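Subject: Structure handover

Hello,

Here is the structure for you to take over.

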Amino acid sequence: MQPLRQPLLLFLRRHPGWTVTLLLGPAVLWLLVLTLLPMGIMAYYSVLSRGSWGTIIHTLTLDNYRQVADPVFLRILGRSLRLALLTTVLCLLSGYALAYWIAFYGGHRKQLYSFLVILPFWTSDLVRLYAWITLLADHGIINNVLMTLGVLQHPLPLLYNEGAVLLGLVYTYLPFMVLPLYASLERLDRAVLEAAADLGATPAECFSKVTLPLTKGGMLSGAVLVFVPSVGEFLIPELLGGAKTMLLGKFIALKFTGLRHWPLGAAYALVLIAIIVLLLVLYLRLGGSKNAFQAST
Amino acid sequence: MDRPTRTQLDIWTEALWQERLTRRDFVRRGITLGVASSLLAEIVGLYTRQVAAETGPAPQALERIKKEGKKLFVYNWEDYVHPNTIPRFEKEFGVKVTYDTFPSNEQLLAKLQAGGAKYDVIFPTHYFLPIYLAQGLLAPLDHANLPHLHNVFAKFRNTPFDPGNTYTMPYGWGMTGLAHNATYTKDDPRLGSWALVFESVAQRYSGKLGFTDEREEVMAAALQYLGHHPNTRTKDTLRQAGEILLRLKPHVKAFYPGAEMKKALITEDVVVAQSWNGEAVKARAKNPAVMWSVPQEGGTGWFDTMAIPKGAPHKFTAEVFINYMLRPEVAADNSNTNGYATANQVAVEKYIDPQVASNPAVYPPAEALARVTFLEPIPDDLLPLYEDIWTRILGA
């Protein structure tokens, strides 16, 4: 690189427009190859037809989109949105408390605590979900302990229901909420809080009138990071829900595997993306912030 | 009764039952031939094994394996081979095997259809083969590399699903029937009938009821309970079966993928279940209260095959591996531990552990086998109905 440096700088001085191109290039390429290209392929598949035994025929049609208005799809969409919303709210409540504690009371161990938040990502989520199965099963650790202590006569049905799915969702996506919240709480100017206190605000007022509004950006971005993957989640309802609590991820997967209709599956997937984008736009408008992705103000 | 007209499959499966070596035959043959002959077979077996070990694989074969990079990617069902099967193959042929497992036919098919996953050997079930062949996903096999096919029962060779075994080699077969835990089900008059599953609603086994997550098999169980043929193509009958399952769903613990059923049976999270025989057999080894039988209304049967995906990077090595799996000793080892019957006739006659061979849940007697119907592929025009019913059941 070193010998190239001089001519490169010279070139950029003569053609300043190229600076932007070179700086943005890698990111744009990344977006093109890893986001737009796969979406394009999916969009193409979604207008193809299905042949016998699940083969794909390259005849263009919009039939797949006509089939999308299925009442079962709408019902499962409703359930997915409801569970994703609940997950987001629960993550926000518990995540805010945790992030607040780390940012204000973490002391010199702040780094360690925020590191612990992301530690679970070092293991496969599959392994972590199986750990939950071991904990929650009828004859799992929690029920066994409670029955041995005589608290319970019969095991509690902790696994294979909507509650277990919700628990799995909150558990899996909590770090996505904690990290942006921590970043915005960490950068919150402590002088502002002191000023509010000096001017007579009670601790509760300080929190609700200063801290909360100033960390809105972190809350918004955390909420988006939790909500979006929760809506399409496949693995958690499959493992912790016993395949009984169907969410959209499974619904779409069944179009590919059960019906062996890849074009229809692709159409459903695109419709889901469109719905989520629409909801996000609405949400950001209503949230009154165009800076949702800035961790702090 | 809406029994469909006899298909090629029916004729084939009937032939299977009639020809099969029954347990009684097995015992009788054992007595007439006496201990001496089995000893002799054992000595011959030992001798041939020793010869094989001494001479080892042909140098030309090793040369071709080397050319392919001494690697092999195998994609199999969970818990389906003896723990020594893969290490022994690696040692004998100097190949590094990467061994992954899948829980369902759907997952195997989807992975292959998506491309990119370069597996060399896969294990699809018979009723999925028409899809693989229609989509051109399998590579034709070179029979010159697969001499051990002769060890397989004639009825598992040259089946209507793959005439001439152009693409697949037989591996093993199993049944889907009724598993239950005797501690919980004793003195239940419905024992031995699908009624144990379908009429237990809100009674003894609510919330302790398990199902496989294979759509075809779950539907078949409901159809058999209602007295219909599991391969029925009558739409109203299928909808009726769907209704029964939908009503039962609130009492179902879970639809267990693959080997998960075994764990649930062991821990007694599930005490009555529609289960593959092998999972119940393996569970019984850990929890003796677990029982399995073919219900009086009938169960379903399937056989798994070994195949090579088109474009597999190590095709010759894959054929060497499949041929190795067709060795009677290897097939017997696998069947002795996986809880399922092998398709290998020589293995059944000579090498299977007598305790496994006499286990009616693995090698069932003729009268139980007569109640087993082999599943047929769902025709394309009925697939949307099946899918709709299944989505409604899981999505309810």
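Below are notes on the interface and then on the cavities.

This is a predicted model, in which local features need pLDDT of at least 70 and side-chain atom pairs count only at pLDDT 80 or more, while totals for chains, interfaces and linings use all residues. Residues are numbered from 1 along each chain as its sequence is written, chains are lettered from A and ligands numbered from 1 in the order in which they are written, and side-chain values use heavy atoms, with hydrogens and water left out.

**Interface**

Chain B puts 35 residues in contact with 29 residues of chain A (contact: heavy atoms within 4.5 Å). The area buried between the two chains is about 2,900 Å²; that is the accessible area (1.4 Å probe) that two parts lose on being put together, summed over both. Carbon and sulfur atoms give 56% of it.

Four salt bridges link chain B and chain A (a side-chain nitrogen of Lys or Arg within 4 Å of a carboxyl oxygen of Asp or Glu). One of them pairs A:Asp138 with B:Lys253, at 2.8 Å from N to O.

On the chain B side, these elements give two or more residues each: helix 5 (105-114), helix 6 (129-134), strand 6 (252-256), helix 11 (260-267) and helix 18 (383-395). Helices (H or I, at least four residues) and strands (E, at least two) are DSSP runs, numbered from the N terminus. Helix 18 of chain B gives the largest share, eight residues. By class, this side has 18 nonpolar, five polar and twelve charged residues. Ala, Val, Leu, Ile, Met, Phe, Trp, Tyr, Cys and Pro count as nonpolar, Asp, Glu, Lys and Arg as charged, and the others, Gly among them, as polar.

**Cavities**

The whole structure holds seven cavities of 30 Å³ or more. A cavity is a set of points on a 1 Å grid over the protein atoms alone where a 1.4 Å probe fits but cannot get out; lining residues have an atom within 4 Å of a point. Volume is the space filled by probe spheres set on the points, which are joined across faces, edges and corners.

The largest cavity has a volume of about 140 Å³. Its lining has 16 residues, with B:Trp77, B:Trp276, B:Trp302, B:Asp304 and B:Tyr340 nearest the centre. Eight are nonpolar, three polar and five charged.

The second largest cavity has a volume of about 90 Å³. Helix 14 of chain B supplies the largest share of its lining, four residues. That lining has nine nonpolar, six polar and no charged residues.

Best wishes

Key
On a 1 Å grid over the protein atoms alone, a cavity is a set of points where a 1.4 Å probe fits but cannot get out, and a pocket is an open set with protein on both sides within 12 Å along at least five of seven lines; lining residues have an atom within 4 Å of a point.
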